[in-house]
Amino acid sequence: PVLALITRWLHGMSLGDLIAPGRPMDWGMAGRSALVYAVPLLVQVAIGFWTGELRPAATSLTLVLLLAPVSILLFSLQASAEELLFRGYLAQGAQLLFRHALPAALLTGLLFTLAHEGSGARAVWAMRAEIMVMALFLSWITARLGRLEAAMGVHIINNVLFSVFIGGADLPFPDLLTRTDPDPPDFAGLADMAEFTLHQGLTIGFYWLVGLKTGFVETGRFLLGRPARQA
């Protein structure tokens, strides 16, 4: 609501102008984007459970299912608000200032990472790197499609699945699984950094190949061999 007032009073714009400038909003795009991004996340959860990194939590499945709608609603509002602020309002302003999407993405990514500071976990730099990569990934999606719905879908499903399956000390919602080591150590060398890079590369690569290159996220159809989008 505060951002809506600011954009209306200072710029004569609505939140819809931040989400899809000059076009009608497409919430189906958010759903398709969330669907594609959920696939590698669920695969990673399954691998973590198989390797023993994740184990069943001492939580009632019934309780998780009862609170799931509340969790989905709150994370949808939270993630959408963050996208409106960082990839919407701040990014559009930064692009006007820098005349290019890359410095705008770097600036808003840094601000996004700083906004998520405050955890007492040992793996501080690993968390910072993961948040910064996510921020740059969301900026890339937004710049490629010229709208926010796809980034919103990715952000929402990331937070919802993390809450439902893994959770954390900072989250009040019950979760289905829990980490064997709830506070893993930080980057300890090249092997950890290579594993992190591979993990991020596979996740983003799958989204690009299945969601963007085929046109599924944008159109809802797999348009293999389609002509390149007009800028």
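1. Val154 first. Leaving aside neighbours within four places in sequence, Val154 is in contact (heavy atoms within 4.5 Å) with Ser33, Tyr37, Met134, Phe137, Leu138, Ile141 and Tyr207. Keep in mind that this is a predicted model, where local features need pLDDT of at least 70, side-chain atom pairs count only at pLDDT 80 or more, and totals for chains, interfaces and linings use all residues. Residues are numbered from 1 along each chain as its sequence is written, and side-chain values use heavy atoms, with hydrogens and water left out.

2. Val154 turns up again in the largest nonpolar core: of its 20 residues, Val154, Tyr37, Tyr207 and Val217 touch the most other members. Such a core is a set of buried Ala, Val, Leu, Ile, Met, Phe, Trp, Tyr and Cys residues joined through side-chain atoms within 4.5 Å; buried means under 20% relative accessible area, exposed over 50% and partly exposed in between, with a 1.4 Å probe and protein chains only. At least two core residues each come from α3 (27-51), α6 (124-145), α7, α8 (190-213) and α9 (216-219). Helix α3 gives the most, with six. Helices here are DSSP runs (H or I, at least four residues), numbered from the N terminus.

3. Now Arg87, in helix α4. Why does Arg87 count as buried? Because its relative accessibility is 3%. Its side chain makes a polar contact with the side chain of Glu83 at 2.6 Å. (That term is a pair of N or O atoms within 3.5 Å; within protein, one must be able to donate a hydrogen and the other to accept it, and residues adjacent in sequence count only if both atoms are side-chain atoms.) Not counting residues up to four places away in sequence, Arg87 also touches Glu82, Phe112, Ala135, Leu138, Ser139, Thr142, Leu148 and His155.

4. On to the second largest pocket, with about 360 Å³ of space. On a 1 Å grid over the protein atoms alone, a pocket is an open set of points with protein on both sides within 12 Å along at least five of seven lines, a cavity is a set where a 1.4 Å probe fits but cannot get out, and lining residues have an atom within 4 Å of a point. Of the 21 lining residues, Gln95, Ala101, Ser139, Thr142 and Ala143 are the closest to the pocket's centre. The lining divides into 12 nonpolar, seven polar and two charged residues.

5. Last, the largest cavity: about 50 Å³, lined by Val64, Leu67, Ala68, Ser71, Ser163, Val164, Phe173 and Pro174. Helix α4 gives the most to this lining, with four residues.

Terms used: Grid points are joined across faces, edges and corners, and a volume is the space filled by probe spheres set on the points. Ala, Val, Leu, Ile, Met, Phe, Trp, Tyr, Cys and Pro count as nonpolar, Asp, Glu, Lys and Arg as charged, and the others, Gly among them, as polar.
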